[in-house]
Amino acid sequence: MKKANKKMNSLPIEFNYNLPIIELTGNRSAMVEGSTGVLHYGSDVIRINTRKFVIAFSGRGLSIKCISPTCVIVEGFIMNVEFIN
Amino acid sequence: MLIKIIRFLRGYIVFTVVGSYPERMINLFNRSGVNYWDLLPEEDCYSGKMLLSDYRNIRKIARKASVRLSSKKRVGLPFIIKKYKMRKGIAFGGVLAVLLMIFLSGFVWDVKLNGVQRLEKNEIYNALSESGLKVGAFKGAVDFEAVERELVLKVPEIRWVSINALNSIAEVEIKEKFSKPAVKKGKYPCNLVAKCDGIITDTLISRGTCKVKRGSAVAENQVLVSTVVEGTNEMLDKLTYVHSDGKVYADISEKRSFNQPRNRTLLIPKKNYIDKTELCFLWFKLPLKINSSDNELSSGIFYAERLKLNGITLPLGINRLRIYGFNKAIKKVNKEKIKILLKKKAMLSEAFNFGNFKIKNKKYSFTELKDTIHLNAEYIINKNIAVKKRVKVE
């Protein structure tokens with residue numbers, strides 16, 4: 001059991017807990033890998049659902065540049081990133 | 001850019017979404033693999049773009065998401081084709097134009113010469129034409145490397161040549177050979193001798209011993225400047241042979257004779273001329289105007305007009321040949337006119353033959369014969385009569 005835990009710990013954290021990967025480029029763009037859907041889409045707020053929590057991007061002029069079943073790219077002036085459980 | 005082209009070719013629709021839960025629609029689209037882009041939230045709706053092929057299959061999804069889809073704009077080739085479906089001529093013309101472009105791009109439209117300074121361009125064009133590179137030649141049939149080699153052999157003044165067949169224009173880059181510098185031959189001993197009889201007026205000697213004086217008469221081949229130079233004070237007994245150099249000016253007498261028959265044969269141009277026109281397209285020539293001329297004596301002027309677009313000569317143009325006919329007429333000319341003609345001939349001859357010399361005196365005399373009148377011109381010219389004559393020293 002301990003060996004199995006050790007093996008699990010040697011893997012990157014996102015594989016261990018199914019966590020999404022968020023890549024921010026300044027405050028202009030954010031890429032969320034591991035999304036399961038869009039919960040809210042507005043020019044001020046975009047809420048993206050992941051397996052563990054909801055990520056809310058707020059700002060102005062926000063838009064979804066690209067979207068696929070597991071990945072979303074948000075563009076605009078991001079002022080705030082919120083993680084909602 | 002490539003993606004934009006592909007989207008345009010496939011056709012896309014700018015759509016708007018109105019509904020309570022457009023986010024649901026986005027998720028449903030993702031799950032069903034529908035491709036869309038530029039989805040932007042607007043005041044009370046969302047607008048985006050979608051490929052035409054996907055738009056046909058999303059009605060069901062939209063109903064499921066309880067949103068209302070409406071197309072705002074249709075962009076792309078399928079819509080243009082649909083618009084002009086009834087006008088088959090346009091499509092046919094377009095296809096024909098593309099085919100024609102592909103066909104024509106296989107030929108040489110123009111041959112340009114770059115880097116020619118001293119050589120005759122016509123000579124190079126002719127050499128290129130003989131080797132197969134000319135306007136209208138099929139590019140695939142021209143071996144450019146062989147043409148380059150042949151051109152260098154045919155025109156020996158060319159040092160280097162390279163032919164770049166860019167699109168349909170063959171640009172011939174040419175480097176000419178450097179001209180050899182003149183070798184100064186001045187090492188051998190020589191005399192300056194008189195080219196003809198004359199009276200010396202001036203001497204400008206740079207090397208050698210002058211043997212004549214101003215005012216002295218000299219005969220042909222007489223030594224004017226000797227190669228033998230006596231030694232200086234230290235070496236009085238020593239003689240040296242030098243390469244004589246200098247100019248010896250003398251007054252010489254020249255005679256010229258001109259004649260003019262009393263009856264002149266004149267070629268009188270006819271009032272009418274004949275035009276021959278042909279349309280040129282690459283190598284093909286289509287006669288537009290055919291006229292035959294029965295003139296024994298005729299002369300023609302050839303014009304070649306080529307169509308130009310943005311400085312590029314197109315292989316389309318018109319060749320014009322204007323032929324003038326002449327009538328032969330024999331006219332008796334009066335004495336005075338003949339004399340004027342003869343004087344003009346004499347003056348022309350003077351300009352060509354004595355242009356570089358000073359004519360000190362000239363005298364014209366006329367001799368009238370039965371059929372012709374002669375003009376005898378006598379000149380006294382001042383010119384350099386010294387020529388070099390090599391001396392053998394043993």
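**Entry 1: pockets**

I looked up the largest pocket and got a volume of about 270 Å³. The model is predicted, so local features need pLDDT of at least 70 and side-chain atom pairs count only at pLDDT 80 or more, while totals for chains, interfaces and linings use all residues. Residues are numbered from 1 along each chain as its sequence is written, chains are lettered from A in the order in which they are written, and side-chain values use heavy atoms, with hydrogens and water left out.

My pocket rule: on a 1 Å grid over the protein atoms alone, an open set of points with protein on both sides within 12 Å along at least five of seven lines; a cavity is a set where a 1.4 Å probe fits but cannot get out, and lining residues have an atom within 4 Å of a point. Points are joined across faces, edges and corners, and a volume is the space filled by probe spheres set on them.

The largest pocket has 13 lining residues, with B:Asp110, B:Val111, B:Tyr125, B:Lys134 and B:Val135 nearest its centre. Helix 7 of chain B gives the most, four residues (helices are DSSP runs of H or I, at least four residues, strands runs of E, at least two, numbered from the N terminus). By class I noted seven nonpolar, three polar and three charged; nonpolar is Ala, Val, Leu, Ile, Met, Phe, Trp, Tyr, Cys and Pro, charged is Asp, Glu, Lys and Arg, and polar is the others, Gly among them.

The second largest pocket comes to about 160 Å³. B:Val135 turns up in its lining too, along with residues including B:Trp283 and B:Arg306. Strand 16 (263–281) and strand 19 of chain B each supply at least two residues there.

**Entry 2: cavity and contact**

I found one cavity of 30 Å³ or more. Residues of both chains line this largest cavity, among them A:Ile67 and B:Trp37.

Chains A and B bury about 910 Å² between them, 56% of it on carbon and sulfur atoms (accessible area, 1.4 Å probe, lost on being put together, summed over both). A:Val38, A:Tyr41 and A:Ile67 supply 56% of chain A's buried area against chain B.

**Entry 3: core**

The largest nonpolar core has 36 residues, and A:Tyr41 is one of those with the most contacts inside it. Core means buried Ala, Val, Leu, Ile, Met, Phe, Trp, Tyr and Cys joined through side-chain atoms within 4.5 Å, buried being under 20% relative accessible area (1.4 Å probe, protein chains only).

How values were computed
Buried means under 20% relative accessible area, exposed over 50%, partly exposed in between (1.4 Å probe, protein chains only). Buried area is the accessible area (1.4 Å probe) that two parts lose on being put together, summed over both.
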